[in-house]
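Biologist: I have a new model open and want to learn how to read it. Where do we start?

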Amino acid sequence: MWLSSRYPNIELAEAFLDTLCREKGVAEEAEHWIGMALREALANAIRHGNRQDSGKRVLLAFRSDAETLTIEVGDEGAGFAPDDVADPLSPENQMKTSGRGIFYMRTFMDEVSFSRGETGGTLLTLKKNVQTTSRTKGVEAS
Amino acid sequence: MSKTVTTRDAGDIKVIELHGKITIGSGDLQMREGIHAALSAGAKKIIIDMKDVTTIDSSGVGELVGCYTTATHRGAKLKLMSLPPKISDVLTVTQLITVFDVYSDEKEAVASFS
């Protein structure tokens, strides 16, 4: 599906995810962290990718099989280099007001990858093993 | 629709209660406005009550960090109380839990100012 670059659409996407997780029987705890990763992905696409240009769209796709939930979020921006994002755990970055979104996605999901989307922007792929998810995943990653 | 931020006094302490989602484009800005309003009114002791927060994202965390820095620069103390486990986890993984003074309840948070 395609969404316009507006923050309220994050709520719609999360509601869709909630329904999908319930149908799939994903534990409520895991659903919360997947939802958080989805929020971060969409916020990045809207804010940094499409720079809140309501004329640009955000791609959102869900796929699931017996073990894995996959979410794709694409934007129509100029693309970016994820390796250039500063480590939010470094002392010099700890009190910065931004720069934690990708870290949260990597913490709460099992796989996070970036590629060039068909429309030229960034295509972000998030994967979660929904059979082995647990709340401690995030804390362990710290 | 209920308010995201409500403010009350506990003696000379300003208690700012957050409700629901503190996320990009909505709750994050309301939280900042509420804390800045307290600082502008001269508050030097602020407790953020987070027991009714259901979700906080990186934008909300960023605003919280910014408000903490602003409060410190203005000679005020900003402390957190009653963090739900999921909110505590979000601050823990980024090691911010060690930056903030965090208390389990209001009694403990208020006593910390004396």
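Modeller: Start with overall size. This is a predicted model. A compact globule of 114 residues would have a radius of gyration near 13 Å, and chain B has 13 Å, so the two agree.

Biologist: What box do the C-alpha atoms of chain B fill?

Modeller: Take the box along the principal axes. For the C-alpha atoms of chain B that gives roughly 30 × 25 × 25 Å.

Biologist: How much of chain B is buried?

Modeller: Count C-beta neighbours. A residue is called buried if 20 or more other C-beta atoms lie within 10 Å of its own. In chain B, buried residues make up 47% of the 114.

Biologist: And the fold? Which elements does chain B have, and in what order?

Modeller: List them from the N terminus. Chain B has four helices and five strands. They run β-β-α-β-α-β-α-β-α. Then look at sequence separation. Take the contacts in chain B between residues at least 6 apart in sequence: 72% of them join residues at least 24 apart.

Biologist: Which residues of helix 1 of chain B are buried?

Modeller: They are B:G27, B:D28, B:M31, B:R32, B:G34, B:I35, B:A38 and B:L39. These residues cover an arc of only 165° around the axis, which puts them on the same side of helix 1 of chain B.

Biologist: What do the buried residues of helix 1 of chain B pack against?

Modeller: Their partners are strand 1 (5-10), strand 2 (13-22), strand 3 (45-56) and helix 2 of chain B. Check what comes after the helix, too. B:G42 follows helix 1 of chain B with a positive phi, near 95°.

Biologist: What about helix 3 of chain B? Which residues are buried there?

Modeller: B:I87, B:D89, B:V90, B:L91 and B:V93. B:Q95 follows helix 3 of chain B, and its phi is positive, near 65°.

Biologist: Now the interface. How many residues does each chain give to the contact?

Modeller: Count both sides. Chain B gives 20 residues and chain A gives 21. On the chain B side, helix 2 (58-73) and helix 3 (85-93) are the elements that give two or more residues. Helix 2 of chain B gives the most, with eight.

Biologist: And by class, what is on that side of chain B?

Modeller: The side of chain B that touches chain A has five nonpolar, 11 polar and four charged residues.

Terms used: Residues are numbered from 1 along each chain as its sequence is written. Chains are lettered from A and ligands numbered from 1 in the order in which they are written. This is a predicted model: local features need pLDDT of at least 70, side-chain atom pairs count only at pLDDT 80 or more; totals for chains, interfaces and linings use all residues. Two residues are in contact if their C-beta atoms, placed from the backbone, lie within 7 Å. Ala, Val, Leu, Ile, Met, Phe, Trp, Tyr, Cys and Pro count as nonpolar, Asp, Glu, Lys and Arg as charged, and the others, Gly among them, as polar. A residue is buried if 20 or more other C-beta atoms lie within 10 Å of its own, exposed if 12 or fewer, and partly exposed in between; C-beta atoms are placed from the backbone. The arc is that of the directions from the helix axis to the C-beta atoms. The radius of gyration is taken over C-alpha atoms; the globule rule is 2.2 Å times the number of residues to the power 0.38.
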